[in-house]
Amino acid sequence: MSSKWLAEQLGKNEATISRWCTNDVQPTLNTLASIAELLGVQITDLINNEQK
């Protein structure tokens, strides 16, 4: 999966995804829920700093 794929799935601009990845801005909780659903993970997996 790529940032382009994620942008297409969410109906967002690739630049927006890039800004999330560089932590310039953060997605809303609703968007995080959508991302988690698309990736098949829990929201906490997206925001937790601990590596498994």
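Colleague: Among contacts in the chain between residues at least 6 apart in sequence, what percentage join residues at least 24 apart?

Modeller: This is a predicted model, in which local features need pLDDT of at least 70, side-chain atom pairs count only at pLDDT 80 or more, and totals for chains, interfaces and linings use all residues. Residues are numbered from 1 along each chain as its sequence is written, and side-chain values use heavy atoms, with hydrogens and water left out. A contact means heavy atoms within 4.5 Å. Among contacts between residues at least 6 apart in sequence, the share that joins residues at least 24 apart is 25%.

Colleague: In which order do the elements of the chain run from the N terminus on?

Modeller: Helices (H or I, at least four residues) and strands (E, at least two) are DSSP runs, numbered from the N terminus. The chain has four helices and zero strands. From the N terminus on, the order is α-α-α-α.

Colleague: What radius of gyration does the chain have, against that of a compact globule?

Modeller: The radius of gyration is taken over C-alpha atoms, and the globule rule is 2.2 Å times the number of residues to the power 0.38. For 52 residues a compact globule would have a value near 10 Å, and the value of the chain agrees with this: 11 Å.

Colleague: Is I35 buried or exposed, and what is its relative accessible area?

Modeller: Buried means under 20% relative accessible area, exposed over 50%, and partly exposed in between (1.4 Å probe, protein chains only). I35 is in helix α3, residues 29–39. I35 counts as buried, because its relative accessible area is 7%.

Colleague: Within what arc do the buried residues of α3 fall, seen down the helix axis?

Modeller: The buried residues of α3 are T31, L32, I35 and A36. They line one face of the helix, because the arc, that of the directions from the helix axis to the C-beta atoms, is within 140 degrees.

Colleague: Which residues are exposed on the other side of α3, and which helices are included in what covers its buried residues?

Modeller: On the other side of α3, the exposed residues are N30 and E37. The cover over the buried residues of α3 includes α1 (3–10), α2 (14–21) and α4 (43–47).
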